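Here is a report on the local features of one protein model. It is written to be read beside the coordinates.

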Amino acid sequence: MELDHWPNLVAMFFDQAQSKESAPFLWAKRDDAWQSISWHDASEQVSSLARALRAYGLTDGDRVVLVADNSPEWAIADFAIMAAGGVTVPAYVTNTPNDHKHILTDSGAVIAIVSTAKLATSLLHAATEAPLLKRVISIEALHENAGSHITTTLWRDALDHGNSQPNNLISEAASIQPDSLACLIYTSGTGGTPKGVMLSHRSILCNCVGAYNLLLALGLEDEVFLSFLPLSHSYEHSCGLMFPISIGAQIYYSEGLDKLSSNLTEVRPTLMTSVPRLYEVMRLKILDGVQRAGGLREKLFKLAIYLGRKSYSLGGTLPVHERLLDKLVDKLVRDKVKGRFGGRLKAMVSGGAPLNFDVGIFFSALGLRLLQGYGQTEAAPVISCNPSSKIKLDTVGPPLAHVEVQLADDGEILVRGPLLMTGYWAQPKITNEALRGGWLHTGDIGEIDADGYITITDRKKDIIVLSGGDNISPQRVEGILCLEPEIEQAIVIGDKRKHLVGILVPSQDLRKEWLKTNDDVAELKQTPNDLRRRDAISDAVHRANKSLSVIEQIRRFALAEQPFTVENEMLTPTMKNRRHKIIEHYGETIETLY
């Protein structure tokens with residue numbers, strides 16, 4: 001696959017649909033059974049909805065906000081918007097009315113598509129203050145009225161209306177220019193107000209080509225993806241939708257994170273993309289199950305981990321006397337673990353945040369190929385990734401095809417290539433700051449080894465500088481703390497202070513145990529720093545500190561009142577800490593720790 005294989009994403013989709021015809025394409029659970037939409041039927045729905053959007057007045061370059069859980073309809077709406085000449089503006093389903101108001105007014109969207117009546121509530125609340133919004137198309141019937149300036153239309157009625165309109169979309173698809181705006185994806189807001197990142201058809205196609213070349217050695221055939229990260233995030237949008245379509249893969253839409261384990265065994269995906277937090281949770285669940293089983297099973301599991309780690313450190317070889325043992329635990333341990341992931345995985349890809357080395361080596365030792373990558377929304381979003389032929393778990397791999405990377409004098413990673421954004425929507429000043437001389441200034445500090453593999457060492461804006469002048473990466477420290485089974489989430493603070501302190505969220509198991517053993521305590525937030533509870537966490541902090549240098553060690557900590565969640569705005573939808581929100585909320589507590 002070459003960069004000019006298709007002129008745009010719409011042409012890519014229609015080309016694949018014509019080639020695959022009646023083959024299954026998009027899958028979802030309905031009435032407790034997986035049901036598919038064929039490539040042909042999906043193409044027909046894209047065409048119908050696109051014609052309806054034009055009939056409703058959508059013109060080239062107009063923005064359409066899309067608020068929906070991952071589903072076949074999400075994918076169909078995305079391509080219909082682009083086929084009609086519009087620009088998709090994905091929005092998180094967890095957005096508050098204020099979040100929706102910002103996106104609607106900032107993007108100037110004229111149409112919105114929403115999946116459920118529940119999701120429509122916050123959207124319609126915001127729509128009253130979005131004068132440019134003229135129509136809301138809902139997949140599910142709405143329970144409330146929209147503003148007087150907004151027309152509401154049911155999805156099925158829009159499809160019927162589109163069927164009555166002239167159909168020449170496939171022939172017109174080729175005329176969409178590669179540099180035309182395909183989508184406007186808002187950043188998740190880890191550092192403040194979300195910014196609209198303008199991504200062209202070319203930039204996303206560049207990611208598809210790069211991913212194809214990266215994974216080609218695995219033997220790309222009839223691939224199966226399980227989509228569970230939000231499609232409103234650039235990572236899932238490119239890697240869980242656009243790339244699968246570029247290789248003609250099937251996409252299954254998960255029922256949610258709570259049913260991910262059962263979905264994995266049902267769907268049996270061949271490729272999987274996720275964020276590090278999910279792999280961390282999976283690791284803890286596997287370890288907990290093994291510990292509960294105990295006996296021979298636990299001993300064999302520990303042997304598998306030991307031999308796997310040793311093999312990795314020796315470059316894939318083991319002494320002769322250990323090879324037979326390694327084959328034994330392959331059958332007794334690793335095959336069973338692989339079965340929990342469906343048994344067909346060719347690779348798991350980790351991106352969106354730094355992957356702790358111990359998590360990477362854990363899955364590698366169990367025979368699961370884990371490829372760590374790196375990217376930013378501003379780069380559509382994948383910049384680099386480990387290839388299967390040579391995995392270095394402590395790096396994020398070399399740049400993808402057609403991507404150039406170099407280091408600035410201060411070590412900042414600079415990126416250049418067709419994958420880069422056009423800029424930030426309606427923000428020329430910060431666009432010029434981010435894109436200088438054709439290079440994206442990522443804000444990440446890193447190193448590049450002799451093989452071209454990139455290691456991320458720090459984040460310029462997130463670096464903690466202690467009062468003594470020492471620089472510390474908070475993400476590294478937080479990652480090591482969260483490897484302890486008693487700690488679910490952590491944030492460390494210490495900028496311009498003499499040492500680090502932390503706000504820690506105890507594990508779910510500990511929280512449940514406390515509720516059972518303390519009848520006088522109904523919720524964690526009522527006595528977050530009860531001495532009995534602190535003792536349970538102190539040992540975990542002590543163990544974590546042994547893996548940290550003196551300046552990185554946590555001197556004091558407080559227990560959080562509640563877990564960091566998307567709902568309380570302390571977590572992004574892709575499970576990254578919103579540092580500014582957490583620090584703001586726990587400001588007084590942090591002061592007491594010093």
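The model is predicted.

**An enclosed helix**

Start with helix α5, residues 117–127. Of its 11 residues, 8 are buried, so α5 is largely enclosed by the rest of the structure. The buried residues are Ala-117, Leu-119, Ala-120, Ser-122, Leu-123, Leu-124, Ala-126 and Ala-127.

Leaving aside neighbours within four places in sequence, Ser-122 is in contact with Asn-95, Pro-97 and His-100.

**Salt bridges**

Side chains of opposite charge can pair when their charged atoms come close. The count here is 27 salt bridges. The table gives three of them.

| Pair | N to O distance | Accessibility of the partners |
|---|---|---|
| Arg-277 and Glu-280 | 3.1 Å | Arg-277 buried; Glu-280 buried |
| Arg-309 and Asp-358 | 4.0 Å | Arg-309 36%, partly exposed; Asp-358 32%, partly exposed |
| Lys-496 and Asp-495 | 3.2 Å | Lys-496 67%, exposed; Asp-495 35%, partly exposed |

Salt bridges that share partners also build a network, which joins Lys-29, Glu-255, Lys-259 and Glu-266.

How many residues apart are Arg-277 and Glu-280 in helix α11? They are 3 residues apart, so about one helical turn separates them. An α-helix has 3.6 residues a turn, so residues three or four places apart point the same way. Both Arg-277 and Glu-280 are buried. Helix α11 covers residues 276–293.

The side chains of Arg-309 and Asp-358 meet at 4.0 Å. This pair links distant parts of the chain, 49 residues apart. Arg-309 sits in helix α12 (residues 295–313), while Asp-358 sits in helix α14 (residues 357–365).

**Surface patches**

Which residues gather in a patch of positive charge on the surface? They are Lys-285, Arg-297, Lys-336 and Arg-340. Arg-340 lies in helix α13, residues 320–340. Its relative accessible area is 42%, so Arg-340 is partly exposed.

A nonpolar patch is also present on the surface. Leu-325, Leu-328 and Leu-332 form it, with about 230 Å² of accessible area together. Leu-325 lies in helix α13. At 36% relative accessibility, Leu-325 is partly exposed.

**Backbone geometry**

Most residues other than glycine have a negative phi, and most peptide bonds are trans. Some sites in this model depart from that pattern.

Asp-32 has a positive phi, near 65°. Asp-32 is placed in the loop between β1 (24–30) and β2 (33–38). With a relative accessible area of 76%, Asp-32 is exposed.

Glu-569 also has a positive phi, about 65°, and is not a glycine. Its loop runs between β26 (554–559) and α19 (579–585). Is Glu-569 buried or partly exposed? Glu-569 is partly exposed, because its relative accessible area is 28%.

The peptide bond from Ala-380 to Pro-381 is cis, with omega near -5°. Pro-381 is found in the loop between β14 (370–375) and β15 (382–385).

Notes: Residues are numbered from 1 along each chain as its sequence is written. This is a predicted model: local features need pLDDT of at least 70, side-chain atom pairs count only at pLDDT 80 or more; totals for chains, interfaces and linings use all residues. Side-chain values use heavy atoms; hydrogens and water are left out. Patches are made of residues with over 30% relative accessible area and no salt bridge: like charges are joined within 9 Å, nonpolar side chains (Val, Leu, Ile, Met, Phe, Trp, Tyr) within 5 Å. Accessible areas come from the Shrake-Rupley method with a 1.4 Å probe; for residues, only the protein chains shown count as cover. Lys and Arg count as positive and Asp and Glu as negative; His and the chain ends are not counted. The place of a charge is taken as NZ of Lys, CZ of Arg, CG of Asp or CD of Glu. Helices (H or I, at least four residues) and strands (E, at least two) are DSSP runs, numbered from the N terminus. Buried means under 20% relative accessible area, exposed over 50%, partly exposed in between (1.4 Å probe, protein chains only). Contact means heavy atoms within 4.5 Å.
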